[in-house]
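Look at the sequence and the fold shown here. This report takes up strands, bonds and surface in turn.

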Amino acid sequence: MVSRERFASWYRNRFAWVAVILLATSVSVVVLVDSADPDLTPADLRGQIMTRMRVTLEEADPEQHNHAGHIVQAANGDEPAPAVICGVHVYGHEPADVDKLADVRTVYGFHLCGVAGPDRPWDVAPKLAGPVIMDLSTEPPGIQVVEATAEIMFVDRLRQMFPAKYAELAMKEALAEAEMVDLRRRYDAAAGL
């Protein structure tokens with residue numbers, strides 16, 4: 001049996017409490033590290049892919065990802081070309097098991113871009129949107145958008161172009177709310193609003 005005096009001396013010993021705190025902290029760190037899902041794409045890689053997609057689409061000629069009948073007017077001689085501001089969502093990439101951007105060959109995602117003319121509000125800006133495939137194995141990266149044709153419906157074309165697991169996501173998901181907020185903020189800044 002533990003006497004009260006012995007318990008009181010242990011309770012007052014600051015070194016014992018430091019040991020208890022260090023032990024609790026170590027256990028917490030181990031639990032958090034072990035609970036991470038190894039099947040998830042590293043957040044850093046996903047962020048790098050999103051940045052690469054966004055930059056590629058914004059620097060590309062709008063005709064490269066122009067689709068669904070949208071026509072973006074080019075600038076006239078002396079006028080600077082209007083800025084293209086994009087938001088992106090990554091559904092996945094191939095090969096799926098890589099963890100470096102340099103090893104990613106193909107990206108499947110969604111893009112929503114607005115062409116920001118001076119003082120042109122978002123609501124009236126030409127927009128380019130839809131599922132997109134980027135070929136990162138070429139320089140500059142290839143951009144291929146999913147389009148319906150006179151013979152093939154959009155959903156069928158999407159299933160032809162995207163792997164099944166990404167096609168299902170493309171039918172349900174577009175931009176995340178945070179990405180849409182960032183897109184609108186960057187668009188307003190580019191349009192001078």
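A strand here is a DSSP run of E with at least two residues, and a helix is a run of H or I with at least four; both are numbered from the N terminus.

Strand β3, residues 127–135, runs antiparallel to β4, and four bridges join the two. Strands count as paired if DSSP finds at least two bridges between them. Ile133 stands opposite Gln144 of β4. The link from β3 to β4 is a hairpin of six residues.

## The model and its chain

This is a predicted model, where local features need pLDDT of at least 70, side-chain atom pairs count only at pLDDT 80 or more, and totals for chains, interfaces and linings use all residues. Residues are numbered from 1 along each chain as its sequence is written, and side-chain values use heavy atoms, with hydrogens and water left out.

The chain holds six helices and four strands. From the N terminus on, their order is α-α-α-β-β-β-β-α-α-α. Of its 193 residues, 32% count as buried. Buried means under 20% relative accessible area, exposed means over 50%, and partly exposed lies in between (1.4 Å probe, protein chains only).

## A histidine in strand β2

His111 sits in strand β2, residues 106–116. Is His111 buried or exposed? With a relative accessible area of 0%, His111 is buried.

The side chain of His111 reaches the backbone oxygen of Gly130 at 2.8 Å. That is a polar contact: a pair of N or O atoms within 3.5 Å. Within protein, one atom must be able to donate a hydrogen and the other to accept it, and residues adjacent in sequence count only if both atoms are side-chain atoms.

## The disulfide

How many disulfides does the structure hold? It holds one. A disulfide is a covalent bond between the sulfur atoms of two cysteines. The cut-off used here is a pair of cysteine sulfur atoms within 2.5 Å.

Cys86 and Cys113 are the partners, with 2.0 Å from S to S. Cys86 lies in strand β1 (residues 83–94) and Cys113 in strand β2, so the bond ties together parts that are 27 residues apart in sequence. The torsion about the S-S bond of Cys86 and Cys113 is about 110 degrees, so this disulfide is right-handed. Both Cys86 and Cys113 are buried.

## Salt bridges

Side chains of opposite charge can pair when their charged atoms come close. A salt bridge here is a side-chain nitrogen of Lys or Arg within 4 Å of a carboxyl oxygen of Asp or Glu. The structure holds five of them. One of these joins Glu139 and Arg52 at 3.3 Å, N to O. Glu139 lies in the loop between β3 and β4, and Arg52 in helix α3 (residues 43–59), so the pair ties together parts that are 87 residues apart in sequence. Glu139 is exposed, at 65% relative accessible area. Arg52 is partly exposed, at 26%.

Helix α3 also has links to helix α6. Arg54 forms a salt bridge with Glu179, with the closest N and O atoms 2.8 Å apart. Arg54 is in helix α3 and Glu179 in helix α6 (residues 177–191), 125 residues apart. Arg54 is buried at 15% relative accessible area, and Glu179 is buried at 10%. Glu58 forms a salt bridge with Arg186, again with 2.8 Å between the closest N and O atoms. Glu58 belongs to helix α3 and Arg186 to helix α6, 128 residues apart. Glu58 is partly exposed at 22%, while Arg186 counts as buried at 18%. Shared partners join Glu58, Asp182, Arg185 and Arg186 into one network of salt bridges.

## A nonpolar surface patch

Which residues form a nonpolar patch on the surface? Phe154, Val155 and Met171 do, with about 210 Å² of accessible area together. Accessible areas come from the Shrake-Rupley method with a 1.4 Å probe; for residues, only the protein chains shown count as cover.

Patches are made of residues with over 30% relative accessible area and no salt bridge. Like charges are joined within 9 Å, and nonpolar side chains (Val, Leu, Ile, Met, Phe, Trp, Tyr) within 5 Å. Val155 is found in helix α4, residues 154–161. At 31% relative accessibility, Val155 counts as partly exposed.
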